[in-house]
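Hi,

Here is the model I promised to pass on to you. My notes on its aromatic rings follow below.

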Amino acid sequence: FNLWRRKLVPRDLLVFGFARAPMTTETFRKHIFKCVYHPSQPQGDRKEFLQRCHYQSGQFDEPEAMEALLRQIEEQEAARLAA
């Protein structure tokens, strides 16, 4: 988050979490929020960053899980490019 906020990585960066734990993207964003929250930082920055974070659960050795992750990346990347 701090690299993004300081513009040391592209502002249109997409972040994807992938793990075995079943979790929604919204739950993943809440977890990230807890990690990056600081009252001195503008709320708008956090909200904008969190909208760039996505999550896909699955086993690392399951081709279907990797395909689902790839589809999500492709969908989000297409939406990013269309904006």
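The charged end of Arg 11 sits over the ring of Trp 4, 3.7 Å from the ring centre (the criterion is NZ of Lys or CZ of Arg within 6 Å of the ring centre and within 35 degrees of the ring normal). Trp 4 also belongs to a cluster, joined through ring pairs with Phe 1 and Phe 49.

Before you read on: this is a predicted model, where local features need pLDDT of at least 70 and side-chain atom pairs count only at pLDDT 80 or more, while totals for chains, interfaces and linings use all residues. Residues are numbered from 1 along each chain as its sequence is written, and side-chain values use heavy atoms, leaving out hydrogens and water.

Searching the whole structure gives six aromatic pairs (rings of Phe, Tyr and Trp, the last by its six-membered ring, with centres within 6.5 Å; planes under 30 degrees apart are stacked, over 60 edge-to-face, the rest tilted). One of them is edge-to-face, because the rings of Phe 18 and Phe 60 have planes at 80°, with centres 5.0 Å apart. This pair links distant parts of the chain, 42 residues apart: Phe 18 is in strand β1 (residues 15-19) and Phe 60 in the loop between β2 (53-57) and α4 (63-82). (Helices, H or I, of at least four residues and strands, E, of at least two are DSSP runs numbered from the N terminus.)

Phe 33 and Tyr 37 form a tilted pair, since their planes are at 40° and their centres 5.4 Å apart. Phe 33 is partly exposed at 33%, and Tyr 37 is partly exposed at 42%.

Best wishes

Methods
Buried means under 20% relative accessible area, exposed over 50%, partly exposed in between (1.4 Å probe, protein chains only).
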